[in-house]
Amino acid sequence: MTSCGILLDERFKRHTTGHGHPERPERLDAVREGLAEAGLLETCVRIEPVPLAETLIQRVHARDYLVRLDAACRQAYPYIDVPDSAIGPESYEIAKLAAGGVVKATRMVAGGELKRAFCAVRPPGHHAERDRSMGFCLLNNVALAAYALKDELQADRILILDWDVHHCNGTQHTFYHDPSVLVISLHGHPNYLYPGTGWEEETGEDRGRGYTMNIPFLPAATDEMYRQAFHDRVIPAIGRFAPQFVLLSVGYDAHGDDPIGNLDLTDEAFAWMTETMIGLAEAHADGRIVSVLEGGYNLGVLKRCAAEHVRLLAG
């Protein structure tokens, strides 16, 4: 139960996005290279993904959207819904494989086969809405993992913390009325950055009011500002909620060297947030964390930061 799992499969590179697209297959090469140089590919347990059944995907996504996505890929459309969401002929099948791998990792951690897991998947997921793609994302991997915990294990206190530079609109909307999932997002301010959501006053509705926390940062926000936000807001909120399971949406595009982000974090900020979340998971969730890759488009940053993230998860 002390082992850390890694989900990293060459097939995820078969989701093709075209020349010049920032969410490109080489991102996974960078992650693999960083993990290999750190010796983590040998010491961590490899997770073999299996496609997630469409009936389970429909916990989060509308059937009509899945039919549209499948047809768009089969007919070789260049994108689905918005030009940012580039697709290739195999993108829907690879998205099902990625989502299935994340759900499998979650089941393994929940069942005690692993203590923690890192899922380096493509395509990413946190912008995907119930009925449409947005921002490079096709299926919402983290939301699907949360539903597996809710439906299969009857978990009623699940934390999703997202530190991608872009607000997790799809994840937020999935659980906006749900008090069993606390969604916390730290991201670039919606006045200045895609997708224009994630205002502080967006806190949930009906029974879910108070179970969404958005912490937007103005451009050029620093490590110290993130630390302060954790101390003032994130750590107290997690303490009150006392999650049974922690899901992380980890993006590295808040780094100062990212080509499409606008914040100024360093490598150390991501390591510190990882250590902090491990401590909180140990205090409240028996250490259980599943971490899922979202953004991060500087390959050098991705290589370094993903390796350090997994090194810390592996203890």
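Before the first pair, my angle classes: under 35 degrees counts as roughly parallel, over 145 as roughly antiparallel, 65 to 115 as roughly perpendicular, and the rest as oblique. Axes are lines fitted to C-alpha atoms, for helices over the stretch in contact, with angles running from 0 to 180 degrees between N-to-C directions. Helices (H or I, at least four residues) and strands (E, at least two) are DSSP runs numbered from the N terminus.

Two notes on provenance. The model is predicted, so I took local features only at pLDDT of at least 70 and side-chain atom pairs at 80 or more, while totals for chains, interfaces and linings use all residues. Numbering starts from 1 along each chain as its sequence is written, and side-chain values use heavy atoms, without hydrogens or water.

**α8 and α9**

I started with helix α8 (residues 223–241), which packs on α9 at about 10°, the axes being 11 Å apart. The two are therefore roughly parallel. On the α8 side I found Tyr226, Phe230 and Ile235 among the contact residues, and on the α9 side Trp272, Met273 and Met277 among them (contact means heavy atoms within 4.5 Å). By class I get nine nonpolar, four polar and three charged residues (Ala, Val, Leu, Ile, Met, Phe, Trp, Tyr, Cys and Pro are nonpolar, Asp, Glu, Lys and Arg charged, the others, Gly included, polar).

**α9 and α10**

Next I checked α9 (267–284) against α10 (299–314): about 25° between them, with axes 10 Å apart. That makes this pair roughly parallel too, and the crossing is right-handed. The contact includes Phe270 and Ile278 of α9 with His309 and Leu312 of α10. I get six nonpolar, two polar and four charged residues here.

**Core**

Which residues touch the most other members of the largest nonpolar core? They are Leu161, Ile184, Leu186, Leu247 and Met277, out of 105 residues (a core joins buried Ala, Val, Leu, Ile, Met, Phe, Trp, Tyr and Cys through side-chain atoms within 4.5 Å). Helix α5 (91–110) gives the most, eleven residues. I followed Met277 and found Leu159, Trp163, Phe230 and Ile289 among its contacts beyond four places in sequence.

**Pro49**

Last, I looked at Pro49, in the loop between β2 (45–46) and α3 (54–57). Buried or exposed? At 6% relative accessibility, Pro49 counts as buried (under 20%; exposed is over 50%, partly exposed in between, with a 1.4 Å probe and protein chains only). Its C-alpha atom is 7.3 Å from that of Leu7, 42 residues away along the chain. Pro49 also touches Leu7, with Phe12 and Leu97 among its other contacts.

Notes. Left-handed = near helix turned anticlockwise from the far one by under 90°.
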